[in-house]
Amino acid sequence: MIALAQLLSDANICLDVEANSSTELFSFINNLFENQLGLSQSIIQSCLQDRETLGSTGLGRGIAIPHGRVKNLKEPHLGFVRLKQGIEFNAPDKQPVSAFVIMLVPEEANQVHLEILSQVAQILSNQQTKELLFTENDKFKIRELLTSDRKSTRLNSSHIPLSRMPSSA
């Protein structure tokens, strides 16, 4: 099992980002990762946009996992972006998406890609985790939520304001 905590740094967790479209979001993500990974300009943005043309990575209920294989990337990386306002993202429930778990893997890392995607999907299957991704403002706690290998979270969420979480269709 891949240790997700090694793939997600606090620097790659961004909250209350302004983006009005997937193009703006992918541009933001490209800029976030570009300098630290030493990749050529716009390669990440192109990779994510190309993947979305194959089918939306939106899961529904305001969450998506944009992911892709990136040429010249040496190791996998994760990120998390929460938008101030949800955007149209072709999610299966047709609801706007505002919480994005970004996954970038080396171009040739087929098995690693599937393993990381599976772990992230399992973490996001926890209802409490999903709710906290919309409300938590502490990057350390967001990182803990996304890298946890347990079924439930230790965070106290007895007072979670669900008003920011999209309702089901």
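**Exercise 1.** In this predicted model, find the bridge partner of Ile63 in S6, then state how S3 and S6 run.

*Solution.* Start at Ile63. Its bridge partner in S6 is Ala99. Next, take the strands. S3 covers residues 63-64. Two bridges join S3 to S6, and the pair runs parallel.

**Exercise 2.** Determine how many bridges join S4 to S6, and name the partner of Gly68.

*Solution.* Locate S4 at residues 67-70. Count its bridges to S6: there are four. The sense is parallel. Now pick out Gly68. Leu104 is its bridge partner in S6.

**Exercise 3.** Work out how many residues of S6 are buried.

*Solution.* S6 runs over residues 97-106. Buried requires under 20% relative accessible area. In S6, 10 of 10 residues are buried. The strand is therefore mostly covered.

**Exercise 4.** Classify Ala3 as buried, partly exposed or exposed, and give its C-alpha separation from Thr147.

*Solution.* Ala3 lies in the segment before strand S1, residues 8-17. Its relative accessibility is 36%. The partly exposed class lies between the buried limit of 20% and the exposed limit of 50%. Ala3 is therefore partly exposed. Finally, take the C-alpha atoms. Ala3 and Thr147 are 144 residues apart along the chain. Their C-alpha atoms are separated by 7.6 Å.

Note on methods: Residues numbered from 1 in each chain as written. Predicted model: local features only at pLDDT ≥ 70, side-chain atom pairs only at ≥ 80, totals over all residues. Heavy atoms only, no water. Buried < 20%, exposed > 50% of the residue type's maximum accessible area, 1.4 Å probe, protein only. Pairing = 2+ DSSP bridges.
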